[in-house]
Amino acid sequence: MLCKNLLPLATLLGAAVAQNATLRYMPFGDSITEIICWRAKLWEKLKPTEWGSVDWVGSGKGENNCRDSTYDRDNEGHSGFLAIDIANRKQLVGWLQQNPADVITMHLGTNDIVQQNKPVNDIITAFTTLVGVMRASNPNMKIVVAQIIPMGFGNFNTQIQNLNKAIIPWAQGLNTTESPIWVVDQYTGFSGTSDLRDGVHPNDSGDTKMMNVWYPALVNAFQVAAAGKAAKQEVPFTA
């Protein structure tokens, strides 16, 4: 009788834990996160894995005619936005209040350099502010930051490389056990000519390259986030 009574309770508890453990992932950035197809390719690669049920979150659904009507288009990519402006205007605060996340990827800084030639130190300061916002929203946020892709026009790539070099020690300085920051290299191996459709945004080959760089880092972030959630949801047995 006791077993019969406990079985439904255990089943319900397991269902509740599984529901509460659903991970939420926010792709965050500018137009290179919004009007592209690496998100669709990434979702398609994740779908048959254990991470296919991760809930992608964000206030937008922009893309680039990716020929896939099934993928989760939710994202927080904002075309034309500067990292410095997002930080100073506290815009990420509201976005994360509306769509909380456990894992976030960030590809930002292109517009700061291309539009306004902002100093690298100012962009890095903005990144620090944004990480603070992420952790205020979720102290256990898992963060994946990109060294950003090159441009196909102008003389911007020297400054982009300077930013990318600065990202490594910056991330190391802010890294914590509870809220780790992983850096991925989206610059190396990415062609500013053959992998861009307009000198700024990835074409199909560029989207594939970006997806392949994001994928292992994101899977690792999901694993760490899921393990943390599972540890918090363990219910001690009492007779």
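Which hand does the β-α-β unit made by strand 5, helix 8 and strand 6 have? Before I answer, please keep in mind that this is a predicted model, in which local features need pLDDT of at least 70 and side-chain atom pairs count only at pLDDT 80 or more, while totals for chains, interfaces and linings use all residues. Residues are numbered from 1 along each chain as its sequence is written, and side-chain values use heavy atoms, with hydrogens and water left out.

The unit is right-handed, meaning that, with the strands pointing away from the viewer, the path from the first strand over the helix to the second runs clockwise. Helices (H or I, at least four residues) and strands (E, at least two) are DSSP runs, numbered from the N terminus. Strand 5 and strand 6 run parallel and are joined by five bridges, where pairing requires that DSSP finds at least two bridges between two strands. Within this pair, Val145 stands opposite Val183 of strand 6.

Turning to the helix of that unit, helix 8 covers residues 157–174, and its 18 residues should span 26 Å at 1.5 Å a residue, which agrees with the 25 Å between its end C-alpha atoms; the expected span is 1.5 Å times one less than the number of residues.

Elsewhere in the chain, Cys37 and Cys66 form a disulfide with their sulfur atoms 2.0 Å apart, the cut-off being a pair of cysteine sulfur atoms within 2.5 Å. The pair links distant parts of the chain, 29 residues apart, and both cysteines are buried. The torsion about their S-S bond is about -100°, so the disulfide is left-handed.

Finally, Ile35, in the loop between helix 2 and helix 3, counts as partly exposed because its relative accessibility is 26%. Beyond its neighbours within four places in sequence, Ile35 is in contact with residues including Glu63, Ser79 and His201.

Definitions and conventions:
Buried < 20%, exposed > 50% of the residue type's maximum accessible area, 1.4 Å probe, protein only. Contact = heavy atoms within 4.5 Å.
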